[in-house]
Amino acid sequence: MHIAVLMVALMTVATSAAADAAKPIRLVVLGDSLSAGLGLPGQEAFPARLQKALQDKGVGVDMTNAGVSGDTSSGGRDRLDWSVPEGTEGVIIELGANDALRGIDPDLTRAALSDIVARLKARKIAVMLCGMLAPPNYGPDYAARFNSIYPDLAKKFDVPLYPFFLEGVAADAKLNQADGIHPTAAGVDIIVKNMMPTVEAFLGTISEQRR
């Protein structure tokens, strides 16, 4: 009798664990217009295309696009709690482009991003950081201070880093809209393709933590 009870209990635990493992991973992309999909239909925005690419690989994700056009890192920090609801398992942070375009003091950007990562980790939410590079018009000193933010924070908080969100797309007229800043749908697909190995490793870590 006791063995039968034990067997039922073990089967229940195993079934529950399997169900948890099969549930889509709840992700939020916290970003600016680059992830909000400015100038594109919603289904062509980065979070939607990333979700589709992952689903094509058999990876289930429940993706929320928390991109706000014009947002700075400080703006992302200010709306963090309501942009990342309870139950979120992972956040991809894509912020900083507007800081660099406006010449905001890199110390302020660093502080805002650091606060975002620290607060998410305190909530036991996994974080992946997407880097940004400063445009050349503010000079080499500004660029050096800004560009070092992302690798420094990734090392400090031990989170995965995709070094440059626009890798393979920036400065290519064919892959950007008329403003020369925001990717076309084809540009978004290249970003997704280039970032996929980093994202898959990130999701693998989240899946491991579920067990």
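pLDDT is the predictor's confidence in each residue, on a scale from 0 to 100. This structure is a predicted model, and the mean pLDDT of its chain is 92, with 90% of the residues at 70 or more. The fold includes an open sheet of five strands with parallel pairing.

**Confidence**
- Residues 13-19 have a pLDDT below 50.

**Sheet**
- The strand order across the open sheet is β2-β1-β3-β4-β5.
- β2 (61-67) and β5 (161-162) are the edge strands, and each of them pairs on one side only.
- Five bridges join strand β1 (residues 25-31) to strand β3 (residues 90-94), and the sense of this pairing is parallel.
- Gly31 stands opposite Glu94, a residue of β3.

**Helices on the sheet**
- Helix α3 (residues 46-56) packs on the sheet and touches β1, β2 and β3.
- The direction of α3 makes an angle of about 165° with that of β2.
- Helix α7 (residues 106-122) also packs on the sheet, where it touches β1, β3 and β4 (126-130).
- Between the direction of α7 and that of β3 the angle is about 175°.

**Helix pair α8 and α9**
- Two packed helices are described by the angle between their axes and the distance between the axes.
- For helix α8 (residues 139-147) and helix α9 (residues 149-157), the axes come within 5 Å and cross at roughly 20°.
- Angles under 35 degrees count as roughly parallel, so α8 and α9 are roughly parallel to each other.
- On the α8 side the contact involves Arg145, Phe146 and Asn147, which meet Ile149, Tyr150 and Pro151 of α9.
- By class, this contact of α8 with α9 comprises four nonpolar residues, one polar and one charged.

**Ile190**
- Ile190 lies in helix α10, which spans residues 185-210.
- The relative accessible area of Ile190 is 28%, so this residue is partly exposed, a class that runs between the 20% limit for buried and the 50% limit for exposed.
- Leaving aside residues up to four places away in sequence, Ile190 touches Glu167, Gly168, Val169 and Leu175.
- Ile190 and Val169 are 21 residues apart along the chain, and their C-alpha atoms are separated by 7.2 Å.

How values were computed. Residues numbered from 1 in each chain as written. Predicted model: local features only at pLDDT ≥ 70, side-chain atom pairs only at ≥ 80, totals over all residues. Heavy atoms only, no water. Pairing = 2+ DSSP bridges. Helix = DSSP H or I, 4+ residues; strand = E, 2+ residues; numbered from the N terminus. Contact = heavy atoms within 4.5 Å. Axes fitted to C-alpha atoms, helices over the stretch in contact; angles between N-to-C directions. Parallel < 35°, antiparallel > 145°, perpendicular 65-115°, else oblique. Nonpolar A, V, L, I, M, F, W, Y, C, P; charged D, E, K, R; others polar. Buried < 20%, exposed > 50% of the residue type's maximum accessible area, 1.4 Å probe, protein only.
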